[in-house]
Amino acid sequence: ESGPLQRDVIVLIPSAEEDGLKGTEAFVRFPPEGVDLDAIVGVVNLEMIGRNDTDELLVYGGPTLAETQTNPLVQRTYAVAQAAKLAVKPGNEYDDGEDWFRRSDHSITYNAGIPSIMLHGRATASSYHRAEDTLESLNMEKVATTARLAAGIVRSLATDPTVVAQ
């Protein structure tokens, strides 16, 4: 609906994140036929995007702030967010000591040399991995806003002829 893309987009919904990121590791170790990992220009991972206020959305692009600042996908994320008038905050600065960057699927693709980011909604201690973590307790406005941002980032990558795999 948003027009033609200049490159393919892969939607990966991996399993076994809670069991050691095994689904994404399998994708990187044994990519499907026809998928060249060296041609992937970016990965956008969504993690816990339905919690907290809509303006509490973090972007992670590396295990440290210095590595995040050199990730070209992070700068693109801020540009897309600004154009869409969406608020994002640097994940490394709001991590709460949880080391979220290393705990989700994008860390596998990042370590494989693919520019990768995570859009993270921040954990809510009262519902993180608890029975109260239900569909009814989600901030659906934040889910929709984050999905629009992710789609904008992917569209930007898929239509920018200057983007090349690293």
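The side chain of Ser116 reaches the backbone nitrogen of Tyr110 at 3.3 Å, which is a polar contact (a pair of N or O atoms within 3.5 Å; within protein, one must be able to donate a hydrogen and the other to accept it, and residues adjacent in sequence count only if both atoms are side-chain atoms). Keep in mind that this is a predicted model, where local features need pLDDT of at least 70 and side-chain atom pairs count only at pLDDT 80 or more, while totals for chains, interfaces and linings use all residues. Residues are numbered from 1 along each chain as its sequence is written, and side-chain values use heavy atoms, with hydrogens and water left out.

**Around Ser116**

- Ser116 sits in strand E4, residues 116–120; strands (E, at least two residues) and helices (H or I, at least four) are DSSP runs, numbered from the N terminus.
- With 0% relative accessibility, Ser116 counts as buried; buried means under 20% relative accessible area, exposed over 50%, and partly exposed in between, using a 1.4 Å probe and protein chains only.
- Leaving aside neighbours within four places in sequence, Ser116 is in contact with Val43, Tyr60, Gly61, Asn71, Leu73, His106, Thr109 and Tyr110, where contact means heavy atoms within 4.5 Å.

**The sheet**

- Four strands make an open sheet with mixed pairing, in the order E1-E4-E2-E3; two strands pair if DSSP finds at least two bridges between them.
- Strands E1 (43–47) and E3 (89–90) stand at the edges with a single partner strand each, so one side of each has no neighbour in the sheet.
- Helix H3 (residues 72–83) packs on the sheet and touches E1, E2, E3 and E4. The direction of H3 makes about 45° with that of E4; axes are lines fitted to C-alpha atoms, for helices over the stretch in contact, and angles run from 0 to 180 degrees between N-to-C directions.
- E1 and E4 pair in the parallel sense over 5 bridges, and the bridge partner of Asn45 in E4 is Met118.
- E2 (residues 58–60) and E4 run antiparallel, joined by 3 bridges, with Val59 opposite Leu119 in E4.
- In a regular strand the side chains alternate between the two faces of the sheet.
- On E1, the covered face has Val43, Asn45 and Glu47, while the uncovered one has Val44 and Leu46.

**Helix H1**

- Gly23, Thr24, Phe27 and Val28 are the buried residues of helix H1, residues 22–29.
- Looking down the axis of H1, those buried residues fall within an arc of 135°, so they line one face of the helix; the arc is that of the directions from the helix axis to the C-beta atoms.
- An α-helix has 3.6 residues a turn, so residues three or four places apart point the same way.
- Helix H4 (106–111) is included in what covers the buried residues of H1.

**Salt bridges**

- A search of the whole structure turns up 7 salt bridges, each a side-chain nitrogen of Lys or Arg within 4 Å of a carboxyl oxygen of Asp or Glu.
- Glu56 and Arg122 meet through their side chains in one of them, at 2.6 Å, N to O.
- Glu56 is in the loop between E1 and E2 and Arg122 in the loop between E4 and helix H5 (140–159), so this pair ties together parts that are 66 residues apart in sequence.
- Both Glu56 and Arg122 are buried, Arg122 at 15% relative accessibility.
- The side chain of Arg122 also meets that of Asp96 in a salt bridge (2.8 Å, N to O).
- Asp96 lies in the loop between E3 and H4, so its pairing with Arg122 ties together parts that are 26 residues apart in sequence.
- Asp96 is exposed, with a relative accessible area of 57%.
- Arg102 and Asp99 form a salt bridge through their side chains, at 3.3 Å, N to O, and Arg102 counts as partly exposed at 48% relative accessibility.
- Salt bridges that share partners link Glu56, Lys89, Asp96 and Arg122 into one network.

**Positive phi**

- Most residues other than glycine have a negative phi.
- Asn52, in the loop between E1 and E2, has a positive phi near 65° and is partly exposed at 30% relative accessible area.
- Asp99, in the loop between E3 and H4, has a positive phi near 55° and is partly exposed at 34%.
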